Each structure stands twice: as C-alpha cells, then as structure tokens.
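Thanks for coming. I will take a few minutes on one structure, so please have a look at it first.

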Amino acid sequence: MRWDIFCRVVDNYGDIGVTWRLARQLVAEQGAKVRLWVDDLAALARICPQADAELACQLLSGVEVRHWAQAWQTVEPADVVIEAFACELPTEYVAAMAAREAPVLWLNLEYLSAESWVEGCHGLPSMQGNGLQKFFFFPGFTTGTGGLLRESGLLAARDRLQEDAGARIEFLGSLGIRPVAEARLVSLFAYENAALAGWLDALASADTPTHLLVPEGRILGDLQRWAGSPLEPGQVMRRGALSVQLLPFMQQEQYDALLWCCDLNLVRGEDSFVRAQWAGRPLVWHIYPQQDDAHLVKLDAFMALYCQALSGEAQAALRAVWQAWNAGEDMTPGWAAWLQCADELAAHAQAWARRQAVRADLAAALVQFYRNWL
Ligand code: TRH
C-alpha cells in the first residue's frame, strides 16, 4: 500500500502538523509506504527539528519526505493519493494518475468542522475532467465522518504522564518549567488577540495562582504589550497571582505532552485543537479566522456538540469564554463564570475524550475507505 500525501503550507503550522502526523501514523500503524510532499520544509523543521529544510528527499520516522518544488519531477503515482486541504496536485502528476494501469484512489482531505452538512458530504466522489474521481474525506466528531487523528498508544501515554507526578515534573523540567506551587498550569497558543490583556489582568488579581506557559508565536506581541517589556524564552514574569513564562516553540510530541500536563489549554486552528481534546483537559479554542466570519458558524457548530452533556451554567460559561476570546472582547464575566464550573468542565473534558476515542481514528478510517473502494 503506497501513499502520496501532498501538503502546501498556506500559513502557520496546521497544514503540515496534520499531514505529518497522518504520514507517520500510516507508516507506524498501517504498514503503509508513505511519501509526504511538502512545499515548505522550514515549516516542518519547526515542529520536527530532525527535518532538514534543505533536503529534496529525506527519511524521517519511516516517512519519505520530499520537497514539493515548483518544477515537478516525474514520479510514479502511489496507490492512494491525498491532496490535503484542496492543495491542488501538480498537473503532470494528475496526468500520470490517469495514465496508471492500476486505478489510484484520489482523496481530498478536508478541514475539520463540526457542521452537520459534513456527514452528508463525507466520502462523496466528484468526477474530474480527465475521467478520474476525487473523493472528499472529512474528519469529524460524529459517526458519519472520517474521525480524528489519534495514534493507537496516544491515550495510554497521556494517562501514564498524567498519573505520574514525578514523570510530569521531569518532563516539564526538560522544557525549563518549574511549576509554581499550587498554581493552575495553563498553556496558551493563539493568534493575535485583543482579549488577552483583560484576561491576564483578571488572572493577576485572582485569589489563586496561575502559571501561564506561552510557546513563542503570534500572541507574543499582545503578551509583550501587556507585560510592558520584551520577554525572553524561559524567563518567568510575575504580576500578582500570575506567572507568565515564554517557551521556545517545541517539537510536536513535546507540545502534546505539555497539553497533557496543563489544567487548561488555550489552543488554535485545527491540530492543536484536536490534541487539546485528547489531553482530556478543559480547553479554549481560538478558531482560525476566515473571510466573512465563516469561522463563527464552525465555532458555533462545535460548541453545540461539545456542550450537549453540560449543565446550563457550564454551557453558558464555556460559550461566554469562547465567544469573548474569539471576538477579542472582555473575558472577565465569562471567566468568573468558568471558575464556578471548573470541576464540571474538567470532568466533561475527560468524558468527551473518552467518547471520541471509541470511534475509529482518521488514519484507520482512510485505510478502511481504501479497502472498501478496491
Ligand atoms: O498553526 P495553526 O494556526 O494552523 C492553522 C490551522 O490549521 C488552520 O485551520 C489552517 O487553515 C491554517 O493553519 C492554515 O494551528 P494548528 O492547526 O494547531 O497547528 C499548529 C501545529 O503546531 C500543531 O501540529 C501543533 C504544533 N506545535 C508544535 O509542534 N510546537 C509548538 O510549540 C506549538 C505551540 C505547536
């Protein structure tokens, strides 16, 4: 079973984050031979420091990583071809797919959405001009979708770390983090956000301590404006009950483990959003902003699904915080309500992860789709 996965990095790290995970999992768990074609290897090198951004071809975790250069080189197409996020395959490659004697399964892996129409469109084919069919494969949270990326040992590894205080201290220490005693440990990964300063003020003036961990990224400008001075990675800045620590951007596996260690994770985009759900800890999602506020419909759709089993108070608190965070508006009323429901939100995050984990993961669902298609 040979697979070609094509990834064009639009911006940020979500496109490469998702395809890199998928490629590794197909190799490790499904016995697939995978080529991952990436146009921007520097993005891969940020989340996987073993990657060399200058190499046209390299083997990483069993995946053949190829630079997707502008000038296309002729290659024999694989059995399954994944066009990630409608990235548009090279014309020559599509022609080679059409010419191949054994048919090729061509899939467009779509962005994650909890909207209800996704179930109806998942797995549908679309006829292409050259007679080939392209199938739309939708990840998702419900039975009629392609599921979520989840490696087979993921939740067991999470449980081991969450149940072992010593291992947690050791792991956090390896990132230069010494958790402040009794503090709520919070990670923050977000786009620029006008709501940050007000929320940090609320944390600083709270009765209980918070230790906020911020991997370097787009929120740094807002953070430094609030701090009133530049922050260096590793440095801890204290104001009232709040300690803020900037962290170097880390390797993907380390970031996963950081999410497992935190009591609350603020995440963004697609991949960190899913990983925070697997952490089984409460999360706040900063959704990737789209034109005409199309993202707000997706935000609502997910909240509707996620909130189903919550009490009225907890639903209201979660919605207030998520909406304020995404609108860049005052978080303080929502945050006060959130704290009142913190225990329920924590239990719910665990239950949500357990329920989601019952379904087939995305890599297994892709392989099953291929088998059914054969
Ligand atoms: O980087 P993102 O904002 O990516 C976005 C979204 O995917 C969005 O839907 C898409 O349209 C846009 O890109 C183009 O957020 P996301 O999806 O969470 O991806 C971040 C990746 O970076 C994820 O794989 C986790 C990883 N990461 C690390 O490896 N180390 C780190 O220190 C951090 C903070 C993240």
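Which polar side-chain atom lies 2.9 Å from an oxygen atom of the ligand? That atom belongs to Q252. Keep in mind as we go that this is a predicted model.

Staying with the ligand, S272 also places a polar side-chain atom by a ligand oxygen, at 2.6 Å. M250 takes part through its backbone: a polar atom there is 2.6 Å from a nitrogen atom of the ligand. On its own the ligand has 700 Å² of accessible area, and the protein covers 97% of that. In total, 22 residues surround the ligand, and the closest are Y191, M250, R268, D271 and S272.

Next, E110. You will find E110 in the loop between β6 (105–109) and α4 (117–121). Is E110 buried or exposed? E110 is buried, and it has no salt bridge. The nearest side chain of opposite charge is K134, 7.5 Å away; a salt bridge would need the charged atoms within 4 Å. What E110 does have is a polar contact of 2.6 Å, side chain to side chain, with N108. Further along the sequence, beyond four places, E110 contacts F85, F136, F137, F138 and P139.

Last, P77, in the loop between β4 (63–67) and β5 (80–84). Why does P77 count as buried? Because its relative accessibility is 1%, and the cut-off for buried is under 20%. Setting aside residues up to four places away, P77 touches several others, among them R2, D4, R35, Y93 and V104. P77 and V367 are 290 residues apart in sequence, with their C-alpha atoms 17 Å apart in space.

Technical notes:
Residues numbered from 1 in each chain as written. Predicted model: local features only at pLDDT ≥ 70, side-chain atom pairs only at ≥ 80, totals over all residues. Heavy atoms only, no water. Helix = DSSP H or I, 4+ residues; strand = E, 2+ residues; numbered from the N terminus. Buried < 20%, exposed > 50% of the residue type's maximum accessible area, 1.4 Å probe, protein only. Lys, Arg positive; Asp, Glu negative; His and termini not counted. Polar contact = N/O pair within 3.5 Å; in protein donor to acceptor, adjacent residues only side chain to side chain. Contact = heavy atoms within 4.5 Å. Near = heavy atom within 4 Å. Areas by Shrake-Rupley, 256 points an atom, 1.4 Å probe, with all protein chains shown as cover.
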